[in-house]
Amino acid sequence: LSSFPLASFTVSLRRVDNVTVTIKLRPGVSLNCLIRVKNIPRLEMKIRPGDNVTLTFTCNTPEKYFIMEIQNNIDCVSGPCPFGDVHLYPPGLPRLNRTFIWDVKASTKAGLELKFSTPLRQIQPGETCPDSVSYNINSCIDTATVNIGTFCRNGSVSRVKLLGGVIMSLHLPWNSTLITSGFNIANRSSIKRLCIIESILNGESSITLMSPNYPLGFPEDELMTWQFVVPSNMRASVFFHNYSLSNCERKEERVEYYIPGSVSNPEVFKLSDSQPANIAGSFNLSLQGCDQDAQNPGILHLLFQVVVQHPQIDENVTHLVDLSKERNMTVTIHFEGWPRRVPLMSEPMCLICKDPRSCDRVLTLASGAIYKISFLCKDLSRLRITAEKGISCVDVRWCQKKTYTLSVPKAITQLPVQLHKFIWKLIAPELINIEIASPSLKLQQHLPEQSCSTSYSYSIVSATPENEMNVGIFCPGGAIEKIQLRNNITISLKTFGKGFLNESNHQDLKMSFVPHIKDECTFTVSPDPNAKIYLQTPSSLNGLPPYVSISWYIVVPSKQVARLGFSRDRMGITCETGRAYINIKEQTLGAEETVRREDELLPEPRNMHHNFWVNVSNCKPVDRMQLTLQFWVTFVEKQIDVAVIVAVLAGVGVLVAIGLTVCCVKKKKKKNQNPMVGVYNANVNTQMPGKQRLFKKDRKNNESHVYAVIDDAMVYGHLLKESNGSVNPEVDVYRPFDGPMGSLPPSPPPFSFRKDMRHSPNTEDPPPLAETDHDAYTFAHQKSEELEDNGDTDKRNNGDASVSLLENKEQDGLEE
């Protein structure tokens, strides 16, 4: 026990006041302090009406261990009510955390009114007041008790009228200097509803209120009213932030507004409706419950906000938003940070209105209609626009011929609100893929080495039901002409600053549906001859997904040589299943293909003289290893090689010599008048390379009339060989190139985990939906079945004719 003198307190209660004081230990504290009355220690003490008690505590800080309740019972049914100010009685109490409770009994025919000298602010359950001074109001109807709410000081609630009795509680901390209760009691006539709460709103303000018993549930079939006193030169708007509905058997839960000057008072709304806004002057709001299902009553509760603002200068200025010609598009105008950030109740309100009385912080407009909107906002820079548009292919025959423009409609850009994001969701059917192109501006991949500096950028994500691949962030002004992707795509245009309004006029992003491609993603890159470009595999943060193949087709400008290099020397992964490869190949006849596996060094920087392909194919990496590769391309002028010029001149000389020899041989043969022998060869194509025609079966394009001219040595080669001759028989014809040239990427080494093979390993590639030029470096081949009818009148067996000609020639040779 303390050795210092302890303070003593004398509590004297008059019998007529009907007041009881109880001092007890705080829950959960240790027994380090006791109450001492007449040298008798106690843990708890109750002082009743008429008692006169002197007490002390055995410690210097009793507020840490004890709390005190002072209950005052007032009977307004059998006796007169003590109308007027309510005092804190008795005086001289110990400095403990204390709760004053006034339990007032009253008839339901004469409601009670509590009027507060300092207006109150309602708080949610569990919330505390800054000064720890709080009021709790309960209504008592017969044996039922309804919690009207808990309130702090410094708010807007000035009066509360209740039907029947009331239990009023005032909680004060031990160090509070408050000497008055802050309210008085007045008797009024019956209000015929649970309660009426009056709120006075002066100037611009925002308040939050809750229904009784929040969040446990509003009493069944009850009615209550909030009265809002608003200056006539101000505007009020109501917003429901949290509500739930009970299960009604009869009637319907609703809210009713009484707005002076309205032509339809009361105005009835569902709790799910947008509530009235921009209300001029004072108004009432009532909440009506229903008869609930006895077996499953449900819960009715409501939390809402009332915002009062000055009339906005431009509130009568309307903006036309014409979405009548748009399809599958929504436009949402919202506050900054939506939907992740919820604005504070105290923040200035920015409202968007579809009509003068229908306003909200968030407004969504659907395509196919025309809207007239206005803004109730002092600072429009706090508002943003987010729009979304869907494009899908339903009829393949129609959509593959159409090119879609991916640009922000003028109906959005003309609004005085900054565009935050425009999202295109592109959906393609099976065996159809999507191509994104930027013909004039081209795209630049946003990387640390080449960051975007424009006012907007595109984020491209390719998604499947199993996973998604973040292709990357791109902005205009680069080298990427087009991107082809296999899966559904989401493109998000995001703006930065105010420059987008001017740059939006020059957007040139296009989208089209194209035939099936083998790789997950293919880039076509056409760089500026003076630029150094960096390119990187998609999903730089999470790594390229397993079993995914990506290709880049790099166009090398004429009179330029491309320099290709990788940013590091290895892929940096170890494969758990399959192998990862890098393939590099120029698009020219006889070009060698460079292949590197994940366990090999990447190629050193090299020169590429022709357009070339770079292909990256991933395996399933071990553990959390990720495949992220970056490479760069620069250009230099082609150098004239003297050795090449000499070689070309030498070659020309050889050709001239051969030509002279052939002329001499022909003249000699003409003198001898030996007829030429024509042997049919079905593998010769005399046509120049080019696009294949739609109809091939005519004499010009088939090869029924093509012969190879051979001299005697070729015909008699086997005879010369038998006589130890040195001439080998050879037919002088072209052998067509069968490599993977044209506009197709180099095929990586075969592996069984490619996406196509996983889903349908025995299925052939689908036929192309549109004619593509893949024969720039190949010769057309004639199918055998096309030889059945070639337009010749002589349809004898070609093999037999060749044998008979050969026999005749042999006989002539023996005679010679």
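**View 1. Cys521, a buried cysteine.** Cys521 has a relative accessible area of 0% and is buried (buried means under 20% relative accessible area, exposed over 50%, partly exposed in between, with a 1.4 Å probe and protein chains only). Cys140, with 17%, is buried too. A word on the model behind these views: it is predicted, local features need pLDDT of at least 70, side-chain atom pairs count only at pLDDT 80 or more, and totals for chains, interfaces and linings use all residues. Residues are numbered from 1 along each chain as its sequence is written, and side-chain values use heavy atoms, with hydrogens and water left out.

**View 2. The disulfide of Cys129 and Cys152.** Taking a disulfide as a pair of cysteine sulfur atoms within 2.5 Å, the count comes to nine disulfides. One of them joins Cys129 to Cys152, with an S to S distance of 1.8 Å. The torsion about this S-S bond is about -90°, so the disulfide is left-handed. Cys129 sits in the loop between β10 (112-123) and β11 (134-141), and Cys152 in strand β12 (residues 144-153), 23 residues apart; strands (E, at least two residues) are DSSP runs, numbered from the N terminus. Cys129 is buried at 8%, and Cys152 is buried at 1%.

**View 3. The disulfide of Cys248 and Cys290.** Here the sulfur atoms are 2.0 Å apart, and the link is left-handed, with -85° about the S-S bond. Cys248 belongs to strand β20 (residues 248-250) and Cys290 to the loop between β24 (283-288) and β25 (291-292), so the pair ties together parts 42 residues apart in sequence. Cys248 is partly exposed at 33%, whereas Cys290 is buried at 1%.

**View 4. Aromatic pairs, stacked and edge-to-face.** Rings of Phe, Tyr and Trp (its six-membered ring) pair if their centres lie within 6.5 Å; planes under 30 degrees apart count as stacked, over 60 as edge-to-face and the rest as tilted. The count comes to 21 aromatic pairs. Phe100 and Trp102 are stacked, at 6.0 Å centre to centre and 15° between the planes. Tyr456 and Tyr458 have ring centres 5.7 Å apart and planes at 90°, so this pair is edge-to-face. Ring pairs also link Trp226, Phe228, Phe240, Tyr257, Phe269, Phe283 and Phe304 into a cluster.

View 5. A charge sits over a ring if NZ of Lys or CZ of Arg is within 6 Å of the ring centre and within 35 degrees of the ring normal. Lys402 lies over the face of Tyr404, 5.3 Å from the ring centre. Lys532 lies over the face of Trp632, at 4.9 Å.

Methods. Helix = DSSP H or I, 4+ residues; strand = E, 2+ residues; numbered from the N terminus.
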